[in-house]
Amino acid sequence: MAQLGEVLGGMLTDVVRARMAADEVTAEAVDAYRADPTLASLSVPRATVSSLTVRLNFAVNSVELASAVPFDLDEVGESWTKRLADRVLEKFPPIRSTGRGTDLRSVPVVRDDLDVGLRGDLEPLVATTMGHLMQGRGRVSAAEREELADLVRDQARLLVEDLRRVRFADVAKRSTIDVEVGAAEVAQSPPETLQSLEVTFAVDDLEEILPDPAQWR
């Protein structure tokens, strides 16, 4: 069974060969034009293949999803405290100017709060963090406290989104998909298994990677 990568690679090879064939025909035309007095005054036509867009239909036979790797909550906790120092306190002067300073290395990040936050409920993490930040800072007004809580909540949401993207990319990288690309097999496959992939090959980009035409073969 052909692999999808092999099919795409074969298409790319055909595009390059088409460009080479066009250049060979142009070279032959140059000699013909030079030999004919009438044609000698005319420009030599040149066929070019700059790019090719192909819509490839294929059938999905099976998908094997990798299991998500649990997050290292210690590393997540370190990332959270760094976010607070870099993206919250630096933007919130009332906290920087009162209380115990800006050292957040001792933030009592509770692993359960992080775990719950990664599952969608950010409020326990926000409450724990706010409790730490407010210790010894009696001069912070209610409005400032609410503003700070909003900043903490926003950063908690962004942290979770970043971690989810990392997890999704990791799962996708370790997952596999088995496809059928043969025309006859695809035609006989159930409609619900059919997918379509549109690919554009740019020969100019390939020439930058392989400047020596001998490497195209």
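Which residues does Val-152 touch, not counting those up to four places away in sequence? A word on the source before that: this is a predicted model, where local features need pLDDT of at least 70, side-chain atom pairs count only at pLDDT 80 or more, and totals for chains, interfaces and linings use all residues. Residues are numbered from 1 along each chain as its sequence is written, and side-chain values use heavy atoms, with hydrogens and water left out.

With contact meaning heavy atoms within 4.5 Å, Val-152 touches Trp-80, Leu-84, Val-88, Val-126, Thr-129, Met-130 and Leu-133.

Now the core. I call a nonpolar core a set of buried Ala, Val, Leu, Ile, Met, Phe, Trp, Tyr and Cys residues joined through side-chain atoms within 4.5 Å; buried is under 20% relative accessible area, exposed over 50%, with a 1.4 Å probe and protein chains only. The largest such core has 23 residues, and Trp-80, Met-130, Leu-148 and Val-152 touch the most other members. Two or more residues each come from α2, α4 (111-118), α5 and α6 (142-174), with α6 giving the largest share, 7 residues. Helices here are DSSP runs of H or I, at least four residues, and strands are runs of E, at least two, numbered from the N terminus. Apart from this core lies another, of 10 residues, including Phe-58 and Phe-201.

On α5, residues 123-134, the buried residues are Leu-125, Val-126, Thr-129, Met-130, His-132, Leu-133 and Met-134.

Last, a contrast: Leu-65, in the loop between β1 (51-64) and α2 (73-88), is exposed, at a relative accessible area of 65%.
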